[in-house]
Amino acid sequence: MIYDAIADVERIFRALATCHGQQYRALERRIERLLDGETKLSDPATHYIGAGRIVFEPSPEIKSIICDARDMGVI
C-alpha cells in the first residue's frame, strides 16, 4: 500500500506540471514540503492480514495529498 501511495504522489507531481492555478501550485508545494522532509509524517498504520503478512497503510498526510489531487481532477 505504501509503494502504491508513493507512486501516486510521484504521478501527481508530474501531472501538476500541466495544471495551472493557485490550488494546483498549493498542492505542488505540499508535495515539495513532504519530499524535502519539512512535513512531519505520522507513523503508518499496520494491518496483520494473516499467514505472517503485514501491510502498511500510508500516513494520513500522504493520503490527504492523494485525496485532494483526485478531488481536483489531477489523477
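## Helix packing exercises

The accessible surface of the protein chain comes to about 5,200 Å², and 54% of that belongs to carbon and sulfur atoms (Shrake-Rupley method, 1.4 Å probe). Before you start: this is a predicted model, where local features need pLDDT of at least 70, side-chain atom pairs count only at pLDDT 80 or more, and totals for chains, interfaces and linings use all residues. Residues are numbered from 1 along each chain as its sequence is written, and side-chain values use heavy atoms, with hydrogens and water left out.

**Exercise 1.** Work out the order of the elements along the protein chain.

*Solution.* Start by counting: there are three helices and two strands (DSSP runs, H or I of at least four residues for helices, E of at least two for strands, numbered from the N terminus). Now walk from the N terminus, and you get α-α-β-β-α.

**Exercise 2.** Describe how helix α1 packs against helix α2.

*Solution.* Step one: find α1 at residues 2-16 and α2 at residues 22-35. Step two: their axes come within 10 Å and cross at roughly 140° (axes are lines fitted to C-alpha atoms, for helices over the stretch in contact, with angles from 0 to 180 degrees between N-to-C directions). So α1 is oblique to α2; angles under 35 degrees count as roughly parallel, over 145 as roughly antiparallel, 65 to 115 as roughly perpendicular, and the rest as oblique. Step three: look at who touches whom. Val9, Ile12, Phe13 and Leu16 in α1 meet Tyr24, Arg25, Leu27, Glu28, Ile31 and Glu32 in α2 (contact means heavy atoms within 4.5 Å). Sorted by class, the residues of this contact are seven nonpolar, no polar and three charged (Ala, Val, Leu, Ile, Met, Phe, Trp, Tyr, Cys and Pro are nonpolar; Asp, Glu, Lys and Arg charged; the others, Gly among them, polar).

**Exercise 3.** Decide whether Glu28 is buried or exposed.

*Solution.* Next, check its relative accessible area: 18%, so Glu28 is buried (under 20% is buried, over 50% exposed, partly exposed in between; 1.4 Å probe, protein chains only). Finally, leave aside neighbours within four places in sequence, and Glu28 is in contact with Phe13 and Leu16.

**Exercise 4.** Do the helix analysis again for α1 and α3.

*Solution.* Helix α3 spans residues 60-72, and it packs with α1 at about 45°, axes 10 Å apart. That makes α1 oblique to α3. For the contact, Ala5, Asp8, Val9 and Ile12 in α1 meet Ile62, Ile65, Ile66, Ala69 and Arg70 in α3. The class tally is seven nonpolar, no polar and two charged residues.
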